[in-house]
Amino acid sequence: MTEEAIMSLVSESSTSTVFAVWFLIGAALVFWMQAGFAMVEAGFTRAKNTGNILMKNLMDFCIGTVMFILIGFSLLLGEDLAGFIGKPGFDIFTAYANFDFSNFVFNLVFCATTATIVSGAMAERTKFLSYCIYSGVISGLIYPIEAHWIWGGGWLSQMGFHDFAGSCAIHMVGGISALIGAALLGPRIGKFSKDKDGKIKEVNAFPGSNLAIGALGCFILWFGWYGFNGAAATSKEQLASIFLTTTVAPAVATCVTMVFTWIKYGKPDVSMSLNASLAGLVAITAPCDVTDCFGAIVIGAVAGLLVCFGVWFLDYVLRVDDPVGAVAVHMMNGIWGTIAVGLFATPTAPGNEETGVVGLFYGGGTHTLLIQLLGFATVAAWTALTITIAFVIIKALIGLRVSEEEEITGLDETEHGLPSAYSGFSLMDMSNTLDVNENTNLGVDEYDKASEAMKKASVPVVNASAVVQGTPLESGMNKVVIVTKLSRYDKLKKALNNLGVTGMTVTQVTGCGIQKGAGQMYRGVEMDMTLLPKIKLEVVVSNIPVDSVVETVKKTLYTGKIGDGKIFVYPVSRVVKIRTGEEDFAALQDVE
Amino acid sequence: MTEEAIMSLVSESSTSTVFAVWFLIGAALVFWMQAGFAMVEAGFTRAKNTGNILMKNLMDFCIGTVMFILIGFSLLLGEDLAGFIGKPGFDIFTAYANFDFSNFVFNLVFCATTATIVSGAMAERTKFLSYCIYSGVISGLIYPIEAHWIWGGGWLSQMGFHDFAGSCAIHMVGGISALIGAALLGPRIGKFSKDKDGKIKEVNAFPGSNLAIGALGCFILWFGWYGFNGAAATSKEQLASIFLTTTVAPAVATCVTMVFTWIKYGKPDVSMSLNASLAGLVAITAPCDVTDCFGAIVIGAVAGLLVCFGVWFLDYVLRVDDPVGAVAVHMMNGIWGTIAVGLFATPTAPGNEETGVVGLFYGGGTHTLLIQLLGFATVAAWTALTITIAFVIIKALIGLRVSEEEEITGLDETEHGLPSAYSGFSLMDMSNTLDVNENTNLGVDEYDKASEAMKKASVPVVNASAVVQGTPLESGMNKVVIVTKLSRYDKLKKALNNLGVTGMTVTQVTGCGIQKGAGQMYRGVEMDMTLLPKIKLEVVVSNIPVDSVVETVKKTLYTGKIGDGKIFVYPVSRVVKIRTGEEDFAALQDVE
Amino acid sequence: MTEEAIMSLVSESSTSTVFAVWFLIGAALVFWMQAGFAMVEAGFTRAKNTGNILMKNLMDFCIGTVMFILIGFSLLLGEDLAGFIGKPGFDIFTAYANFDFSNFVFNLVFCATTATIVSGAMAERTKFLSYCIYSGVISGLIYPIEAHWIWGGGWLSQMGFHDFAGSCAIHMVGGISALIGAALLGPRIGKFSKDKDGKIKEVNAFPGSNLAIGALGCFILWFGWYGFNGAAATSKEQLASIFLTTTVAPAVATCVTMVFTWIKYGKPDVSMSLNASLAGLVAITAPCDVTDCFGAIVIGAVAGLLVCFGVWFLDYVLRVDDPVGAVAVHMMNGIWGTIAVGLFATPTAPGNEETGVVGLFYGGGTHTLLIQLLGFATVAAWTALTITIAFVIIKALIGLRVSEEEEITGLDETEHGLPSAYSGFSLMDMSNTLDVNENTNLGVDEYDKASEAMKKASVPVVNASAVVQGTPLESGMNKVVIVTKLSRYDKLKKALNNLGVTGMTVTQVTGCGIQKGAGQMYRGVEMDMTLLPKIKLEVVVSNIPVDSVVETVKKTLYTGKIGDGKIFVYPVSRVVKIRTGEEDFAALQDVE
């Protein structure tokens with residue numbers, strides 16, 4: 001053999017081993033992205049649902065693994081049947097010695113990513129059981145089949161459709177499922193305020209409970225993305241170029257979003273900038289190996305704008321409530337990345353010299369672009385169709401959404417028996433814009449439904465002497481203190497506002513009564529729930545009779561169940577409003 | 001040379017370099033698992049001990065490194081002496097140029113894992129100094145010697161004992177140490193409630209303070225485990241198969257546990273499912289390279305059940321308090337994984353074609369199984385013996401456990417002078433089930449111990465006029481507010497309950513007095529401790545005389561030291577119980 | 001070809017591919033360190049600035065990327081011009097096919113590390129816009145030029161200056177910038193208490209808000225450091241030795257610091273030990289490839305002491321406020337590591353056999369040491385000069401520091417419109433040592449500035465009848481409750497102390513008034529801010545007339561703006577001091 005021939009063999013052999021190991025390291029990095037999704041979703045939602053969202057992110061991987069063994073893997077990579085699916089089979093059990101372990105692990109972690117995207121958009125209100133089911137359907141059927149088209153030798157791959165690491169196959173599919181799921185579920189209670197005609201008049205923000213871990217999640221995802229985009233590289237030049245584009249696109253996207261929100265909203269928005277990094281990563285995923293630095297910059301810049309548009313579009317046009325921005329990040333930028341291949345693919349990218357994948361802006365004409373559009377359209381249609389069927393069936397059989405009471409209480413407690421994912425921390429998880437009459441039946445006044453006898457036993461016992469008792473001091477002012485359940489807070493606030501109460505002080509306390517809680521289990525041990533989180537409202541009134549306040553509170557909080565709360569009235573000697581120096585009655589008027 | 005001969009050489013050479021680098025990447029991933037342990041343990045324990053548990057996880061690695069340099073490494077990998085230990089030596093200093101750097105780093109990070117397992121089971125009550133000592137003993141002596149048997153050319157490795165990545169050598173050893181340590185320490189105050197005969201009548205749950213970082217820790221561990229199990233692979237097929245089994249086993253374990261807890265406790269348990277992932281990982285650690293997908297499924301399924309059983313077994317049978325489930329995860333599944341090699345090893349696993357390690361269920365008979373059982377038994381005996389000696393000596397010399405006062409206050413403050421690991425967060429870390437008479441001497445009533453003069457100076461000054469002062473309004477109701485130290489809360493609650501007080505509102509406040517705190521140092525700077533965390537209890541009484549309440553509180557809280565607290569009495573005009581409409585006296589009775 | 005020749009070629013070829021891939025994996029690990037810096041800085045600062053610090057850590061990477069594309073990369077690695085800079089150019093756009101992708105990514109992530117170090121020292125008070133600008137200047141100019149000297153073929157590299165992974169080029173440069181920035185900014189409000197002559201009499205600690213993620217950040221950094229130090233290795237022996245020294249130095253540093261703080265402050269300090277790990281890593285960064293285990297031990301031990309000294313030195317000598325210890329960790333140990341090469345370099349380190357880089361203690365004489373000192377001095381001078389110019393210009397044009405009001409409120413809200421990074425968590429972020437007269441103009445009494453008419457309208461309306469109202473019970477005691485803004489707390493506390501009030505109870509509450517907040521935007525959605533965080537102070541007074549208290553509070557809190565707060569006075573029946581049994585007036589005296 002000549003030296004040249006030997007060197008070529010050598011290089012081939014060593015490259016093959018190196019990239020086989022790197023392929024697995026990449027897979028491990030993609031697994032690690034599960035942690036990123038879990039942290040992003042836990043960070044951007046409310047603390048009362050943290051345990052639930054963590055559990056969902058854990059289970060979609062675990063359930064996905066089972067589904068992928070049973071059916072998914074062979075549908076994806078089995079012998080091609082008519083370009084549509086792989087042939088189902090059980091080589092993993094029957095022919096383990098020759099099984100393609102590497103590809104199994106690699107495709108499994110990608111598959112799990114698809115499923116996990118959905119949980120963010122449907123967070124804080126989805127039934128856990130329903131989640132497990134549709135997550136399994138995505139991992140076992142929806143994803144493997146379209147991924148077979150794109151990566152498993154199916155019809156799209158035969159046509160030359162290019163989606164290197166899954167802008168389309170993974171992110172768009174996850175994002176479309178997320179959009180449809182969130183739309184079918186409906187918004188979280190209080191997300192949209194309606195006027196009397198039922199028209200939405202206001203969009204309300206629910207700030208994330210833990211931006212530190214939310215940001216950590218974004219960093220985890222970005223780090224993992226070097227594996228996500230790079231794992232399938234086959235030469236060191238290609239890998240290095242992928243690393244470059246995978247760095248440039250999100251960085252530019254983040255800068256663009258920061259500047260855009262700064263201009264548009266007056267201040268640079270933290271959580272939107274974090275989303276922008278992910279948007280840039282999603283967009284560069286399909287073209288990461290075929291575009292260059294300039295392409296990555298443009299793709300990133302568009303992604304940065306697109307994510308801002310997407311969040312606005314869902315809130316103000318589609319009126320779909322997506323707590324973590326999964327649709328804007330994964331669907332919109334998944335589509336954009338898929339199309340971007342048709343615009344920015346260039347033969348100067350290492351490994352793409354002779355593939356013929358060349359974009360419109362790099363002299364490739366519309367050939368690649370049209371194939372990309374076709375791929376986007378068919379995969380989107382497939383996803384929309386199948387996931388809708390799945391959701392509709394689940395909704396009909398067991399329901400998609402938890403009850404309003406469960407949603408307000410939080411899924412940690414109601415779905416998992418976990419009083420708090422942050423036990424020991426004092427949480428004041430009061431969405432101050434809860435509008436109970438909007439998309440819930442909690443607005444129905446239990447007082448109106450109570451029997452006459454119950455009403456008589458409750459409200460009317462107020463008598464003259466009580467009124468006398470209530471005003472013992474010449475100041476004529478009283479403090480009314482109400483201790484009740486956290487979930488009744490918003491209703492009470494509104495009722496008091498309607499009565500003319502213009503200021504109150506709210507404290508979250510721990511109430512302790514004789515009644516035991518509902519026997520929560522933590523790791524199989526029943527928890528002593530004598531200490532329950534309660535809310536304490538303090539209102540000082542002068543002109544408004546104490547009786548009216550007491551009556552209103554009773555009417556508002558009455559359900560006839562243990563835990564309705566108590567009202568205490570204290571005499572007040574004096575009230576001073578510092579700014580104006582007004583005292584007593586005048587000090588209690590907030591009329592400016 | 002023929003082409004074939006060349007290619008074989010080439011492949012060998014490149015494989016050797018690739019796997020040498022991968023070996024180190026794997027070691028870095030195993031180092032990263034330290035972060036996983038730190039997060040799991042910090043997340044699953046109470047916030048008042050977070051700084052302490054983080055410090056322990058940091059220090060076991062650092063102290064372990066020093067011990068490993070001094071003695072551990074040579075005991076493990078030095079020249080074999082009679083199959084029992086490696087020959088101690090200092091090649092690391094005297095022959096650095098030819099030192100086996102790779103193996104040093106690799107074995108060090110594994111060693112540190114063993115030590116770190118123990119901290120979780122002994123969390124929240126172990127003296128920090130004692131921890132440092134026994135952690136050093138594990139890293140310097142206990143682990144290196146048994147690891148020499150298994151991996152260092154010792155007698156077990158000569159017999160063919162198979163423990164690829166350490167189910168036995170690391171997890172079981174760490175788990176046994178954890179069990180013995182936790183048993184010797186005794187349970188945390190309040191973990192087990194006893195009846196009058198001293199029989200345990202109830203197991204109490206202490207929910208983790210931060211499940212978000214607890215879950216993150218599990219994801220970190222799972223991610224790191226690809227390095228843990230894979231680092232020692234020597235071919236790409238073997239590595240890929242290891243990745244497959246390392247993915248399948250924990251995924252199946254988690255699914256099984258989710259279903260099991262769902263059925264058994266009515267709801268899918270979040271923290272137990274997280275533990276199950278770790279259990280599956282521990283169990284697959286020994287057989288990861290010799291079993292196949294089917295084996296991994298069965299091993300994982302058993303691990304999922306075993307971890308539930310283990311937690312229950314410790315709580316309800318052994319009555320050992322293991323805050324993070326380290327014994328159930330590491331000891332039980334370490335044993336299970338060790339034995340599983342003897343059941344599920346198969347020649348179809350790549351690299352295991354000709355080793356003769358074949359399990360009972362794959363036609364290997366009992367040969368391998370018996371060796372595995374022998375290895376388990378001898379290593380378990382070695383560990384139990386040596387760690388018991390270590391603990392007993394430490395207990396005798398400096399004690400293992402902090403004082404009850406320190407435990408209730410929290411180890412952050414008492415062991416590290418850190419007022420809170422979550423400074424600025426309002427923590428309500430009240431274990432509502434503290435039973436001070438159980439395993440603590442806090443139950444001894446300081447009031448009973450005070451001199452007569454002190455008593456006289458304190459309690460009896462209540463006089464008739466005060467009683468008159470206490471009932472100024474015709475309502476006859478008073479609010480008694482007590483501001484005192486957090487650690488006295490439980491005692492006070494019980495005393496008031498005994499007096500007939502049936503409801504109270506508890507708020508954590510920040511109390512500010514003239515007295516300075518104990519001069520806490522933070523990073524060498526003394527902290528101004530005028531703001532101390534206090535607890536405020538509000539009780540409204542009508543039928544129960546204010547005097548009785550005041551007397552009881554005084555008697556209960558009296559210690560004669562600064563910080564006993566104050567009692568305030570306010571007149572109340574009116575009380576309404578919303579559910580029933582009852583007012584005043586009637587409203588204060590919780591008799592249902 | 002002979003077998004030997006073939007094998008040599010083979011080994012070269014496979015090594016080259018392996019280390020090319022490892023180079024990129026290393027770069028990904030260094031990117032991951034961004035997450036580490038973000039978590040360390042978020043964990044060690046106060047919760048009200050968490051969103052801001054996360055955003056800064058995100059943006060320095062993203063802005064740095066843009067700057068590095070535009071100018072930084074070519075300044076660093078472009079064709080050498082006179083040993084001073086690389087030739088600016090745009091090969092990344094014009095010659096993508098032959099661009100050095102690998103080196104671009106690798107040097108970019110290192111560059112971003114330099115910039116990110118600064119944010120920690122300047123945390124909690126720097127204007128976000130100014131941060132973006134100077135971060136861009138560091139990434140685009142300051143770092144690339146000095147890195148060109150050291151790594152880009154510049155004059156220092158030609159002289160044989162050795163800084164393998166950047167103790168000097170990165171950490172010292174970042175650390176010096178941090179020191180100058182922190183000094184120019186001035187300390188956070190309340191960091192140093194002054195006596196009447198303006199002399200600093202006390203250093204106050206601001207404990208970190210989230211040590212769990214702070215510790216996680218340290219683990220992330222340590223893990224990432226294996227990539228940071230190892231990425232540029234070229235043989236497996238060298239890489240393994242680097243892993244060894246990179247493990248030993250921080251472990252020893254941490255042990256030394258733990259012991260040192262234990263002895264010095266009585267207890268092992270958690271956060272200082274975490275800093276010590278980083279200090280050891282910084283110090284070993286330059287010599288990681290040229291020293292041995294013994295060298296690493298000594299370097300680590302010195303680093304552990306140096307970080308303690310550095311924190312003390314800044315607090316007590318330089319009086320510079322560095323919230324996270326960036327100067328002590330990065331600057332001091334960066335210098336130490338640079339010099340350590342000249343002391344501990346040894347030819348026994350793999351790959352260093354023939355380089356001539358030999359330290360004083362290993363028989364190399366002063367040659368290497370002098371070059372190292374020269375490099376340190378010139379790079380330090382360059383950095384100090386250029387960063388000072390940058391800061392001075394920024395300060396003159398737009399200012400470096402936020403206003404005092406913004407600082408007390410927190411940068412999350414004022415710079416990003418984010419009410420809290422931990423939404424739903426109850427935060428009690430009261431620095432109890434705020435001294436408003438120190439380095440802020442908040443001390444100016446708004447009351448003194450108000451017009452006579454405003455004063456008249458406010459304070460003097462207190463009349464005789466109000467006094468009568470204030471003492472309705474014969475107890476003669478009153479509770480005065482003040483609800484006001486969190487930022488006024490400290491001033492109020494002091495005023496009340498001066499009045500003779502000796503105890504108070506503080507609760508963080510959520511206040512609800514009619515007035516709307518300032519229209520905060522969260523992800524483009526306006527937040528309903530009717531619920532504002534407020535502070536509630538409760539003071540019970542007997543001897544001190546209620547009127548004096550009311551007057552004092554009014555005078556202290558008055559600004560004439562909405563949000564000044566309200567004062568409530570309640571009658572008190574009785575007060576008991578538990579420890580002494582004293583009642584009423586006597587119980588309110590804290591005179592011991």
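So, are E124(A) and R46(A) buried or exposed? Both are buried, meaning under 20% relative accessible area, with exposed over 50% and partly exposed in between, using a 1.4 Å probe and protein chains only.

Quick housekeeping. This is a predicted model, where local features need pLDDT of at least 70, side-chain atom pairs count only at pLDDT 80 or more, and totals for chains, interfaces and linings use all residues. Residues are numbered from 1 along each chain as its sequence is written, chains are lettered from A and ligands numbered from 1 in the order written, and side-chain values use heavy atoms, leaving out hydrogens and water.

Back to our pair. E124(A) and R46(A) form a salt bridge, 3.0 Å from N to O; the term means a side-chain nitrogen of Lys or Arg within 4 Å of a carboxyl oxygen of Asp or Glu. The two sit in loops 78 residues apart, E124(A) between α4 and α5 and R46(A) between α1 and α2 of chain A. They also belong to a salt-bridge network with R188(A) and D321(A).

Over in chain C, R188(C) pairs with E124(C), closest N and O atoms 2.3 Å apart. R188(C) lies in the loop between α7 and β3 and E124(C) in the loop between α4 and α5, so the bridge ties together parts 64 residues apart in sequence. R188(C) is buried at 2% relative accessible area, and E124(C) is buried at 1%.

Last stop, helix α8(B); helices here are DSSP runs of H or I, at least four residues. Of its 20 residues, 20 are buried, so the rest of the structure largely encloses α8(B).
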